[in-house]
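Dear colleague,

Please find below the structure that I would like to hand over to you. My notes on it follow directly after.

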Amino acid sequence: MIKILIINGPNLNMLGLREINQYGKISYDDLCNLIKTHSKNKVQIEFYQSNIEGEIVSRVQEIIDQDIDALIVNPGAYTHTSIAIRDALAILNIPKIEVHLSDINSRENFRKTNLITDLCELSIIGKGANGYIEAIEYLYEKN
Ligand code: DQA
């Protein structure tokens with residue numbers, strides 16, 4: 001069974017409370033439970049969420065010495081700003097899938113800057129919580 005790490009960045013722990021029109025009503029815990037239920041007997045999932053840029057960089061670096069087969073990442077607002085997270089992701093030789101709940105390409109202009117997309121094998125954007133499920137399915141089918 002392959003092991004997938006799912007990294008979520010700042011404010012994703014506030015799902016269900018923040019901009020429901022963009023991100024939906026699902027809470028972060030419910031999102032994790034939905035993913036766990038879907039992945040049962042298929043793939044092994046580990047979750048990591050942080051509001052702190054450097055912590056995300058460190059967690060990405062740790063992957064190098066860990067038995068993790070693929071990464072699903074939603075860096076939140078850091079998608080648009082963080083060269084440090086981009087550089088950390090560039091070190092990894094495992095498949096990386098980018099997920100965004102909202103359609104970042106049809107929102108404010110500053111969300112159109114995406115510093116990680118060219119490093120990712122697949123980008124799933126604007127599909128809400130289902131984007132994570134699609135990413136898992138893609139990785140499962142691939143292996
Ligand atoms: C997000 C989109 C980002 O622009 C925003 O800052 C987020 C969440 C998404 O999942 O749609 O925090 O990554």
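The model is predicted: local features need pLDDT of at least 70, side-chain atom pairs count only at pLDDT 80 or more, and totals for chains, interfaces and linings use all residues. Residues are numbered from 1 along each chain as its sequence is written, and side-chain values use heavy atoms, without hydrogens and water.

The residues around the ligand (a heavy atom within 4 Å) include Tyr23, Asn74, His80, His100 and Arg111. Alone, the ligand exposes 320 Å², of which the protein buries 98% (Shrake-Rupley method, 1.4 Å probe).

Helices here are DSSP runs (H or I, at least four residues). Helix α3 (residues 53-62) and helix α4 (residues 83-91) pack at about 5°, with axes 9 Å apart (lines fitted to C-alpha atoms over the stretch in contact; angles from 0 to 180 degrees between N-to-C directions). The two are therefore roughly parallel (under 35 degrees). In α3, Glu53, Ile56, Val57 and Val60 meet Ala84, Ile85, Ala88 and Leu89 of α4 (heavy atoms within 4.5 Å).

With kind regards

Notes:
Angles under 35 degrees count as roughly parallel, over 145 as roughly antiparallel, 65 to 115 as roughly perpendicular and the rest as oblique.
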